[in-house]
Each structure stands twice: as structure tokens, then as C-alpha cells.
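I opened this structure for a first look. These are my notes, in the order I took them.

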Amino acid sequence: MTYIPQIIFILLLSFAIGLFIRNMKRLISYVNLGKPYWPKDQPNLRWRSVLLNALGQKKMFKRPVPATLHFFVYVGFIIINVEILEIILDGILGTHRLFAPVLGTLYAPFISFFEFLAISVLLGCAIFLVRRNILRIKRLNMPELNHWPRIDANSILIAEITLMILFLTLNTTDQILQSRGEPHFFYTGKFFFTNFFTHLLDGISTACLLVIERICWWGHIIGILAFLNYLYYSKHLHILFAFPNTWYSKLVPQGQIANMPDIQKEVAMMLDPSLASNESPAEPGRFGAKDVFDLKTTDLLGAFSCTECGRCTAVCPANITGKKLSPRKIMMDTRDRCEEIGRGRDKQGKDYKDEKSLLGDYITHEEIFACTTCQACVEACPVNIDPLNIIVQLRRYAIMEESQAPGNWNTMFTSTENNQAPWQFSPADRANWATVLENEK
């Protein structure tokens, strides 16, 4: 009978890890719906980007208040979960605070440090809830966050608060049971923070404290394992995907937009016929992107890395002036489309097709034509997501495949083709302004 809790724990742990692996494989298959593109050049710069932006959260500190709160929540939650290793080993081996004899007098300071981080996480999450639901910060209450995204954001904050309360209550009951000489609860030294809370529970019987301690222990580890698998359904997937996304993010200057090689080659041959080859022309491919299959895998990875923080939308000049474009919505729509296709393929196989597409059913022409390509969204993203590349690819398809460019854009295209400039002036008349100025002197 004494091995039953260990058996239950091992089965629970195995199930949670197995489910997590299955979910990650499914997500990777969704990302791989795009055209394979995994750049590996300049690894030193890529590691630097990971360390500064994904780990160090450098870009977030352009907004110091939420950045500081997020830093404590992020670092606190990650470091506190180091203690999960001890909990897991205790669960498997049937021990209690396995590392205490190993660390000796250092154990209590380590746990005290974890408690400080737990309180930081608790307070940070509480403030985030206030910002979202009472202060109602604009970028956190936009239309694209209605329904599930709002529920998801609030739920995860409440879950983190609950996990920290369980952790702190676990330590408090543990210290009281140590002081009472309860078998199995050997003395580890006083924990700095929860030692102040022991008087709140000191009047409770030992039998009841033992029940509370076990409830908190099981509740904490089950909560962590549930959180691990909830990531698959949540925007908090960025906890994992932010690191590879910053690694694969583009290293060229932000204002540099990639040309289409086929078009670039055609233009080069028009300007210099000697560049034409005797090879048969390649079968023309699709210009731009209509669906997620036409985007790069790094674009789709960015969609699943999106934190939904709204910093991109908050600085978007098109959105600020009342247009429908929201870079955050572009990423959320791309992710939703990937998941829709992925679920269809999971059920019906790789031949699954529907009558929908990313452009038209998820993202409208009005949205993509509102973009000024100013790169503000790319600059603002804490984890180097590039919504602009998706917008440009969709816009290329709309213009070059569907001929749906706005009227004033067509005028500009015609002038550029005929006059080598956006203006409706003959190249021979282009310097007339200088002549006028000279005559006025």
C-alpha cells in the first residue's frame, strides 16, 4: 500500500509528458505546412539575439513598467520550477525534500529565494489582471482579443497565482510540521517568507495540516503538469517558441524587403538582354501568398510565437489612424488558419482540403492594403516576429495574381513602368524643376 502514491505519481507524470510530446509534434507539423526555410547563417548573431531578446527581454524594456513586471513573473516562474525536479524525484522515490540533506544549511536560503520569486510572480500577475480588467489598457482590450484570447490571458494569470499560493502554503505547513517533530518532516531551517505566515495556521491540528500539505503538494505538481499541456492551446506557447523564433529571425536591416527572385531575374534580363540564358523558362510559380502553404516556415513559427501583447498594433500608424489593420490580428489569424488545416489533416489525412484561404477568409484585402510597410510592428515585437513579411506576401498575391490593387496604386505602377518614377512626368521633363529655380534667381 505504501507504494500506491508513487505508482499514481509515475503514471500521472508519464501521461503528462507523453501528452506534451504529442502536442509538440502536432504543433511542429503545423509550422511545417509552410515552405521549408530555416536559416543558419551567422550563428553568433543569432545566439546574441536569443540571449538579448528571448532570454533578456531587451526590447520589452521600451515600456519599463510592464517589462519589469513581466521580467519578475517570467524569471520567477521559470526558476521556481527548478524545484519541480525535487518534487518529481520525491514523487517517484517516495522521499520528502530530497535535496535538503545534500544542500544542508544552504537549503533554507535556496527555498527562501524561491519564495521571494513566488511572491513576485503572485504580485506581478495580480497587477496584470488589474491592467487588463480594471484599468483596461487599450492594447489589451482590442476586438481581436474578444472571447477566447481574453479568457486565455485571464485564466493563465489566475492559474499562476493559484500555483504560487499552493507553493507558499506548502512551505508554511511544512515548517509547522517540522516544528512539531512530525515524522518524515525533518528540520530544514526556517524559510524567510513563509516563516512569517506560520502563526496563521498554527492553531490547526496536525492531522489537518498533513492533509493541507498533501493537497498543496499534489495540487502544485498537477497544476504544473496541466500548465505544461495547456501551452498547446494558449498564447503562452511563446514561453517555448520565443527562443527558436528569435534564432531564426532575419538579420538583414529591417527596411530591406526581399525581392521575388523570378521577377528580379526577368527585370535584369529586360535591362541587359545578355543575361538571358538558353535554358527553357521555369514553370511560373505563385506570386506572393494566398494561404499558409505559400508562406515560409519561419513565418508560421512567428505566428505560434506571438505573445498577443499588442505592442505591434499599438505602434502601427494605420491602426492608430482608425484603419482595420492590426499586426497582432495578422499573426493570430495566421496561427488560426494553420490550426484549422492541421486539425483537418489530423482527421482526414494529408489530402485534406477546404474552400478557405488565409487571404479572404481570415485576412481581408482592406487590412493588407492599409499597411505602410514602415516596419514599426517588427521593431516593437519583443521576440522578433515579422508580421510585415506576411502582409507583403499576401499583398503581392492580391496585386499580381488577382489584380486587386487600389486604383491609385495602379496609377503609380503605370508611371513607374513608363516613366521610371511614381510621377506622371516624362523622364525628359524630370529636371524641369531645376530650370524653373534657375530662372527665378
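**Ground rules.** I am working with a predicted model, in which local features need pLDDT of at least 70, side-chain atom pairs count only at pLDDT 80 or more, and totals for chains, interfaces and linings use all residues. Residues are numbered from 1 along each chain as its sequence is written, and side-chain values use heavy atoms, with hydrogens and water left out.

**Entry 1: helix H2.** I took helices as DSSP runs (H or I, at least four residues), numbered from the N terminus. Which residues of helix H2 are buried? I found Arg46, Ser49, Val50, Asn53 and Ala54 in that class, within a helix that runs over residues 43-55. Buried means under 20% relative accessible area, exposed over 50%, and partly exposed in between, with a 1.4 Å probe and protein chains only. I then looked down the axis of H2: the buried residues fall within an arc of 105°, so they line one face of the helix. That arc is taken from the directions from the helix axis to the C-beta atoms. On the other side of H2, I noted Asn44, Trp47, Arg48 and Leu51 as exposed.

What covers the buried residues of H2? The cover includes helix H3 (64-80) and helix H10 (238-248). Here contact means heavy atoms within 4.5 Å.

**Entry 2: around the ends of H2.** I checked glutamine 42, in the loop between helix H1 (4-31) and H2. Its phi is positive, about 45°, although glutamine 42 is not a glycine. Glutamine 42 is partly exposed, at a relative accessible area of 43%. Just after H2, glutamine 57 also has a positive phi, about 55°.

**Entry 3: cavities.** I searched the whole structure and got four cavities of 30 Å³ or more. On a 1 Å grid over the protein atoms alone, a cavity is a set of points where a 1.4 Å probe fits but cannot get out; lining residues have an atom within 4 Å of a point. Grid points are joined across faces, edges and corners, and a volume is the space filled by probe spheres set on the points.

The largest cavity has a volume of about 600 Å³. It is lined by 30 residues, with Met60, His70, Lys235, His236 and His238 closest to its centre. Which helix gives the largest share of this lining? H3 does, with six residues. H2, H3, helix H6 (107-133), helix H7 (148-179) and H10 each supply at least two. By class, I noted 18 nonpolar, six polar and six charged residues in the lining of the largest cavity. Ala, Val, Leu, Ile, Met, Phe, Trp, Tyr, Cys and Pro count as nonpolar, Asp, Glu, Lys and Arg as charged, and the others, Gly among them, as polar.

The second largest cavity holds about 100 Å³. Of its 13 lining residues, Cys306, Cys309, Cys312, Cys381 and Ile385 lie nearest the centre. The lining of the second largest cavity divides into nine nonpolar, two polar and two charged residues.

**Entry 4: a pocket.** A pocket is an open set of points with protein on both sides within 12 Å along at least five of seven lines. I looked up the second largest pocket, with about 890 Å³ of space. Its lining has 17 residues, and Ile263, Met400, Phe413, Thr416 and Glu417 are closest to its centre. Helix H11 (261-271), helix H19 (387-400) and helix H20 (407-419) each supply at least two lining residues.

**Entry 5: rings.** I counted 17 aromatic pairs. Rings of Phe, Tyr and Trp (its six-membered ring) pair if their centres lie within 6.5 Å; planes under 30 degrees apart count as stacked, over 60 as edge-to-face and the rest as tilted. Tyrosine 232 and tyrosine 233 are edge-to-face, at 4.7 Å centre to centre and 85° between the planes. Ring pairs also link Trp38, Trp47, Trp247 and Tyr248 into a cluster.

**Entry 6: isoleucine 368.** I found this residue in helix H17. Is isoleucine 368 buried or exposed? At 0% relative accessibility, isoleucine 368 counts as buried. Leaving aside neighbours within four places in sequence, its contacts are Leu359, Ile363, Ile391, Leu394, Arg395 and Ala398.
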